[in-house]
Amino acid sequence: MKDHTQSAQIMRDAHDEQPAEPRTTAADATAPRRAAARPTGARGVVVVGSGPTGLLLAGDLATAGVPVTVVEKRPHGISNLSRAFVVHARTLEQLDARGLADDLEREGRRLDRLQLFGAFSLSLDTLPSRFNHLLVIPQYEVEKVLVRRAEDAGVRFLYETEVTGLGQDADGVTLTVRRPDGAAAELTAAYVVGTDGMRSVVRTAVGLPFPGRSVIRSVVLADVRLDEEPESVLTAAAVGDAFAFLAPFGDGYYRVIGWHRGRNVRDDEPLDLDEVKEITRLALGRDYGMRDARWMSRFHSDERQAPAYRVGRVFLAGDAAHVHTPAGGQGMNTGLQDAANLGWKLAAVLGGHVDAALLDTYQAERHPVGRAVLRSSGGIVRLAMAKYPWTLALRTGLGAFLSHVGPARRRVLGRITGIGYAYGAPHGSHPLVGRRIADVALRSGRLYEALRGGRFVLIAPRPHAAQGRADRLAVERWADGRSTTVLVRPDGYVAWAAESPDAAAVEAALTTALGAPDDRRLGGGAGQQSAQQLGELGDPGPIEAGERVGLDGEPRPDGLVDQAQSVVGERDLESAPVVRIG
Ligand SMILES: Cc1cc2nc3c(=O)[nH]c(=O)nc-3n(C[C@H](O)[C@H](O)[C@H](O)COP(=O)(O)OP(=O)(O)OC[C@H]3O[C@@H](n4cnc5c(N)ncnc54)[C@H](O)[C@@H]3O)c2cc1C
């Protein structure tokens, strides 16, 4: 439902503006638990675009107490033309850390193999994650749970409101928007995040190019009913010059994606169902009796990445920062990881706990991952569409190699599922630093349950008090007798670790990562020290920020995967395969 009154009020967006009532929606059964939406003003964040990236980010910020406004040009309730169907393990872990994965797992369908190219597929059942499968679920279902969470946390949504430009200075950002009634207005914020998709206005407004190129043209999309149900949940094949993919929405309709090398026409060329059927027949041998198309479109797929994810107080995330082909199903997944990386950092800086230098680590950590995703999805699509004898031979050879060489297979799986990425670590730090941590068992339950408060989690062998940081830190103990002390960031990566550290070392690490206790907040000597240390934290040092893959954990009988068992302080760590991206 549209709410012009509220929109107009928010447009004033003055510092002294009174909080407006939360928008009334069909989901108002949840109203009693909902936090009141708050004006953003010069202390908050405006997120431009309510795709999956913007929604996760806005929810994280609001959960951390930051006033957030999401500006979205679409009307409320109008679908984003759902594109993604595949949710990978690392994204499910992030959703688990927000209490959302179980709902989606109930809605979607699990697949325990990942089809890559030709008939080649990789089994996911040894993936060292609680989610050792991929989840097939339409993007709008993911967006639905993210909207609900954001609304419950008090995010303010401005629908039918389009960002048209922005300006910034040292103190904040001013966005120019077109309101639902067509009038221009301004919004102010401390920070703006452009999650406004491939044609990002925010990216253009800060003067960033989007270099790259079109990879595949004239891809056809159709949402259809099928007379014959496909044998598998996802159906995909490339034969000769044709490729086709079928995925269920769960409401009786299927999404068909097709491409034919010989058809290289403009996106605005008319499309009819016969063309979709013909491509499907060429690639899959039959068209499954497709009919009743409720939507059809033609698009081209680009590989592009912004050279920077930040200009001053403006950040880019998701498709606004990087786009690539749908191969491997990594676009939405990567955008959600961007959001998980940026949210807690913005909240920590806006909360006055840490120095703004922390925000530089967003670019250092996420840009190399974006580059790696462009490469892996590009590689998959080129192999899938191999045509010449030498490319077909290469594809066959690579398939055989991956089938027989475990470390190579784990690296590929680590990249595509997202669990194999690790961030740069300061030189000389504990080998765990920068790594993703698996869902290890704690005395109180699971780690990813402990992360649900959006706080850091200190896992220590001995009791340790949160000491004036209870709003930012949960202190937990290992379920077993490990001696390593590990500080886990809110996004599930290790900020710091040490073997049997003394209390002073733990305190110093906490101050570095999440700021001084409340009675010694930034602004004094402690803050200065924290800022310097944060600079070190953000400095990837001689290790290039990029990807490190360590997938040596074994599934445990209880279904949890204990990567840390094999990683924490033990020699498997040194032998874990490490890949850096140049
Ligand atoms: C055919 C296809 C299949 C795919 N399959 C997968 C898959 O299986 N798995 C996967 O992970 N990814 C997949 N993707 C990619 C995935 O859909 C995208 O990466 C994902 O939607 C990006 O999310 P986002 O939030 O960054 O941007 P978007 O979803 O593009 O959202 C951007 C939002 O910003 C709004 N907006 C834009 N401009 C403005 C403005 N000026 N003012 C206000 N609002 C604005 C838009 O209305 C939109 O709601 C696929 C893509 C395609 C094309």
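This section describes the ligand shell, the helix packing and the strand pairing of a predicted model.

The ligand is surrounded by 34 residues, and the closest of these are Gly49, Gly51, Gly197, Gly318 and Gly331. Two or more residues of this shell come from each of helix 2 (52-63), strand 9 (162-168) and helix 8 (331-350). The most is given by helix 8, with 4 residues. Divided by class, the shell around the ligand holds 15 polar, 12 nonpolar and 7 charged residues.

Helix 2 and helix 8 also pack against each other. Their axes come within 8 Å and cross at roughly 25°. An angle under 35 degrees counts as roughly parallel, and helix 2 and helix 8 are therefore roughly parallel to each other. The crossing of helix 2 with helix 8 is right-handed. On the side of helix 2 the contact is made by Pro52, Thr53, Leu56, Leu57, Asp60 and Leu61. Helix 8 contributes Met332, Gly335, Leu336, Asp338, Ala339, Ala340, Leu342, Gly343, Trp344, Leu346 and Ala347. By class, the residues of the contact of helix 2 with helix 8 are 12 nonpolar, 3 polar and 2 charged.

Helix 2 has a further packing partner in helix 5 (residues 139-153), and the axes of helix 2 and helix 5 come within 8 Å, crossing at roughly 25°. Helix 2 and helix 5 are therefore roughly parallel to each other. The crossing of helix 2 and helix 5 is left-handed. Pro52, Leu55, Leu56, Ala58, Gly59, Ala62 and Thr63 of helix 2 meet Gln139, Val142, Glu143, Leu146, Val147, Arg149, Ala150 and Ala153 of helix 5. The contact of helix 2 with helix 5 consists of 10 nonpolar, 3 polar and 2 charged residues. Pro52 and Leu56 of helix 2 take part in the contact with helix 8 and also in the contact with helix 5.

For helix 8 and helix 9, the axes come within 10 Å and cross at roughly 175°.

An open sheet of 6 strands has antiparallel pairing and the order 14-15-16-13-17-20. Strand 14 (235-239) and strand 20 (322-323) are its edge strands, each pairing on one side only. Strand 14 runs antiparallel to strand 15 (residues 242-248), and 5 bridges join the two. Within this pair, alanine 237 stands opposite alanine 244 of strand 15. Helix 9 (residues 360-384) packs on the sheet and touches strand 13 (212-226), strand 14, strand 15, strand 17 (290-305) and strand 20. The direction of helix 9 makes about 125° with that of strand 17.

A second open sheet has 4 strands in the order 24-23-25-26, with mixed pairing. Strand 24 (473-477) and strand 26 (494-499) stand at its edges with a single partner strand each, so one side of each is left without a neighbour in the sheet. From one strand to the next, the twist averages 15°. Strand 25 (residues 484-488) and strand 26 run antiparallel and are joined by 5 bridges. Threonine 484 is placed opposite glutamate 499 of strand 26. Helix 13 (residues 503-514) lies across strand 23 (456-460), strand 24, strand 25 and strand 26, and runs at about 170° to strand 26.

Strand 9, which gives residues to the shell around the ligand, is joined to strand 10 (residues 173-178) by 6 bridges in an antiparallel arrangement. A hairpin connects strand 9 to strand 10 through 4 residues. Glycine 167 has threonine 174 of strand 10 as its bridge partner. Strand 10 is in turn joined to strand 11 (residues 184-189) by 6 bridges, and these two strands run antiparallel. Threonine 176 has glutamate 186 of strand 11 as its bridge partner. Strand 10 and strand 11 form a hairpin with 5 residues between them, and glycine 182 in the turn has a positive phi of about 95°.

Key:
Residues are numbered from 1 along each chain as its sequence is written. This is a predicted model: local features need pLDDT of at least 70, side-chain atom pairs count only at pLDDT 80 or more; totals for chains, interfaces and linings use all residues. A residue is near a molecule or strand if its C-beta atom, placed from the backbone, lies within 6 Å of it. Ala, Val, Leu, Ile, Met, Phe, Trp, Tyr, Cys and Pro count as nonpolar, Asp, Glu, Lys and Arg as charged, and the others, Gly among them, as polar. Axes are lines fitted to C-alpha atoms, for helices over the stretch in contact, and angles run from 0 to 180 degrees between N-to-C directions. Angles under 35 degrees count as roughly parallel, over 145 as roughly antiparallel, 65 to 115 as roughly perpendicular and the rest as oblique. A crossing is left-handed if the near helix is turned anticlockwise from the far one by less than a right angle, and right-handed if clockwise. Two residues are in contact if their C-beta atoms, placed from the backbone, lie within 7 Å. Two strands pair if DSSP finds at least two bridges between them.
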